[in-house]
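I opened the model to look up its charge pairs, its cores and a few single residues. My entries follow in the order in which I made them.

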Amino acid sequence: MVSAAAQAGVVAACVVLFVPMGLAGWHLSRNKVLFFSGALFISLAVGVHLSPYLPSLPHLLAASFFLPHPGGAASSAYSSASSSCVPFLHRVSWSDSAGGGRTWAWPPSLASTCGFARLSRDEASLLLNSSWVMVAGDSQARLLVLALLRLLLDPAAAAAAEPDLFRRHSDYRAAVPARGISVDFVWAPFESNLTRLLREDLRLAPRVPDVLVLGSGLWHMLHVTDAASYGDALASVTDAANSLRSPLPVPPPHMFWLGLPRLVNHMLNTEAKRAHMNDTMLRAYDREVGRRGLLRGNGGPCMLLDVGKLTQGCGQQCAADGMHYNGEVFDAVLHIMLNALVIESQQRI
């Protein structure tokens, strides 16, 4: 039987913990990607404070919040990976699959140390519960949206969405009503399109996306073919993206930059592409991305999703036309982003 002193301790702990928790929960609920990680963190903190009185409580809380690992192990896909693990997110290994294609995985030691894992449909839906995901860019961005829909929706629903998603040069919107998830693809092939989206559409909107993925460069490389001009345009994108990090009524979005793919010049399907889109030009464009303050490593707002590294690893057998790669590449991009979201969400609490 619990003593009077223990009962008093429980009451005091509840007052100290639950009042601030309620206030924090109100703020966290305004950014749904943060809410899961916030609830987990706060609940475990409650368990730690009450453990002298109810020793089994932390174990009950951990058991109720952590999902099974997608591979069946007891550890969670949402384990607390520290920020020191972020640089290793792209360290995936590629191998030939039984079906004749290529497949990817994190090395077991790295997956174990950092908690990286492929998320199941239920896990991804829970992580993105009630979130608004926006992906803006060219056809590379569209392929990332396809990977996301294939993860969140059942196969029949994902297949049914493809014709509308791939309607030429158009926007697309999808929803996962059961989880309250909204997914927007915005056709924005040039950097000026991204700048306008950030400054005019999102900055003045009553709500910003919870997750925002931006990417461009292929159209500029083909039609302008000037790395310095591309860099100047990226500087405007950076300024506009930073404006979403300035004080707003709601937390800023988690922002990602979708890097350029490896180009297989001889596979490109027009003479203009083969003339303008080559390794030399690609390296110059990549340098501009690193120089213009856009990426997190340089103090910028966006984490790089390194499509170039992933396409290099998968190889030219994964490229359909020398610049568009198959679904396995963008499945890797997607899961790197989702694992980064887990880490970022915990850091924002």
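**Salt bridges.** I count a salt bridge when a side-chain nitrogen of Lys or Arg lies within 4 Å of a carboxyl oxygen of Asp or Glu. The model is a predicted one, in which local features need pLDDT of at least 70 and side-chain atom pairs count only at pLDDT 80 or more, while totals for chains, interfaces and linings use all residues. Residues are numbered from 1 along each chain as its sequence is written, and side-chain values use heavy atoms, with hydrogens and water left out.

My search of the whole structure gave 12 salt bridges. I took Arg118 and Asp331 to begin with; their closest N and O atoms are 3.0 Å apart. The pair links distant parts of the chain, 213 residues apart: Arg118 is in the loop between α4 (108–114) and α5 (121–127), and Asp331 is in helix α14. Helices here are DSSP runs of H or I with at least four residues, strands are runs of E with at least two, and both are numbered from the N terminus.

I then looked up accessibility, where buried means under 20% relative accessible area, exposed means over 50%, and partly exposed is in between (1.4 Å probe, protein chains only). Arg118 has a relative accessible area of 31% and is therefore partly exposed. Asp331 counts as buried because its relative accessibility is 17%.

**A network.** Which residues are linked with Arg292 in a network of salt bridges? I found Asp232, Glu288 and Arg291 there. Asp232 and Arg292 have their closest N and O atoms 3.2 Å apart. This pair also links distant parts of the chain, with Asp232 in helix α10 (residues 227–243) and Arg292 in the loop between α12 (279–291) and β8 (303–305), 60 residues apart. Arg292 forms a salt bridge with Glu288 as well, at 2.9 Å from N to O. I noted Asp232 as partly exposed because its relative accessibility is 46%, and Arg292 as partly exposed at 22%. Glu288, at 8%, counts as buried.

**Asp138.** I next went to the loop between β3 (132–137) and α6, where Asp138 is placed. Asp138 is buried yet has no salt bridge. The nearest side chain of opposite charge (Lys and Arg count as positive, Asp and Glu as negative; His and the chain ends are not counted) is that of Arg142, 8.2 Å away. What does the side chain of Asp138 reach? I found the backbone nitrogen of Gln140 at 3.0 Å. I count this as a polar contact, a pair of N or O atoms within 3.5 Å; within protein, one must be able to donate a hydrogen and the other to accept it, and residues adjacent in sequence count only if both atoms are side-chain atoms.

For contacts I use heavy atoms within 4.5 Å. Leaving out residues up to four places away in sequence, I list among the neighbours of Asp138 Phe185, Trp187, Pro189, Ser216 and Trp219.

**Helix α7.** In α7 (residues 155–165) I found Ala158, Ala161 and Leu165 buried. They are on the same side of α7 because they cover an arc of only 65° around the axis, the arc being that of the directions from the helix axis to the C-beta atoms. The buried residues pack against α6 (139–152), β4 (172–176) and β5 (181–187). The face turned away from the buried side carries the exposed residues Ala156, Ala160 and Pro163. At the start of α7, a side-chain oxygen of Asp154 reaches to within 3.1 Å of the backbone nitrogen of Ala156.

**Val186.** I located Val186 in strand β5. Val186 counts as buried because its relative accessibility is 16%. Its contacts, not counting residues up to four places away in sequence, are Met134, Val135, Ala136, Gly137, Asp171 and Leu197.

**Cores.** I define a nonpolar core as a set of buried Ala, Val, Leu, Ile, Met, Phe, Trp, Tyr and Cys residues joined through side-chain atoms within 4.5 Å. The largest has 62 residues, of which Trp106, Leu128, Val213, Phe256 and Leu338 touch the most other members. Helix α14 (residues 327–348) supplies the largest share, 12 residues. A second, separate core of 38 residues includes Val237, Leu260, Leu263 and Met281.

**Whole chain.** I recorded 14 helices and eight strands. Of the 349 residues, 49% are buried.
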